[in-house]
Amino acid sequence: MLRIPATNDILRINSTADLGPAIRARRREQSLRIDDAASLSGVSVDLLSRLENGKGSVRVDKLLTVLDSLGLALMLGPKGHPAVEVARELGNEGSEQ
């Protein structure tokens, strides 16, 4: 069973299917309806819905805008970096539950 991580967890993203549930969970934690979150982010409801559902392509600048408006950050590092390894290990723990 896939566990949706709390948004204070670090999450390693391997696909848009990994990203969407984390964005949706963060929006819901903030008690935002999808139309309100889209408006605050300056994107369409359709774009935010596609992002949350892991469907279709979304421009990186729009993704970064949505993440920022929800208080999330995108980090990038080499696979062997200790922070990335911790995220991988945390992700593996979550998938075992």
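1. A residue is called buried when its relative accessible area is under 20% and exposed when it is over 50%, with partly exposed in between. Keep that in mind as you look at this predicted model. E52 has 3% relative accessibility, so it counts as buried. R27, at 7%, counts as buried too.

2. Now see what these two residues do together. The side chains of E52 and R27 form a salt bridge, with 2.6 Å from N to O. This pair links distant parts of the chain, since E52 sits in helix α3 and R27 in helix α1, 25 residues apart. R24 also joins in: R24, R27 and E52 are linked in a network of salt bridges. As background, side chains of opposite charge can pair when their charged atoms come close.

3. How many salt bridges does a search of the whole structure find? The search finds seven. One of them is between E29 and R26, at 4.0 Å from N to O. E29 and R26 are three residues apart in helix α1, so about one helical turn separates them. With 47% relative accessibility, E29 counts as partly exposed.

4. Another salt bridge brings together the side chains of R33 and D36, at 3.4 Å from N to O. Here R33 is exposed, because its relative accessible area is 52%. D36 counts as partly exposed, at 33% relative accessibility.

5. Next, the helix packing. Helices α2 and α3 pack at an angle of about 110°, and their axes are 9 Å apart. The two are therefore roughly perpendicular to each other. On the α2 side the contact is made by I34, D35, A37 and A38, and on the α3 side by V45, L48, S49 and E52.

6. L47, L48 and L51 of α3 make the contact with K62, L63 and V66 of α4.

7. Take a look at S31, in the loop between α1 (16-29) and α2 (34-41). Its phi is near 55°, a positive value in a residue other than glycine. S31 counts as exposed, at 66% relative accessibility.

8. Which residues make a nonpolar surface patch of about 230 Å²? They are I10, V86 and L90. L90 lies in helix α5 (residues 82-95), and at 33% relative accessibility L90 counts as partly exposed.

Conventions
Residues are numbered from 1 along each chain as its sequence is written. This is a predicted model: local features need pLDDT of at least 70, side-chain atom pairs count only at pLDDT 80 or more; totals for chains, interfaces and linings use all residues. Side-chain values use heavy atoms; hydrogens and water are left out. Patches are made of residues with over 30% relative accessible area and no salt bridge: like charges are joined within 9 Å, nonpolar side chains (Val, Leu, Ile, Met, Phe, Trp, Tyr) within 5 Å. Accessible areas come from the Shrake-Rupley method with a 1.4 Å probe; for residues, only the protein chains shown count as cover. Helices (H or I, at least four residues) and strands (E, at least two) are DSSP runs, numbered from the N terminus. Buried means under 20% relative accessible area, exposed over 50%, partly exposed in between (1.4 Å probe, protein chains only). Contact means heavy atoms within 4.5 Å. Axes are lines fitted to C-alpha atoms, for helices over the stretch in contact, and angles run from 0 to 180 degrees between N-to-C directions. Angles under 35 degrees count as roughly parallel, over 145 as roughly antiparallel, 65 to 115 as roughly perpendicular and the rest as oblique.
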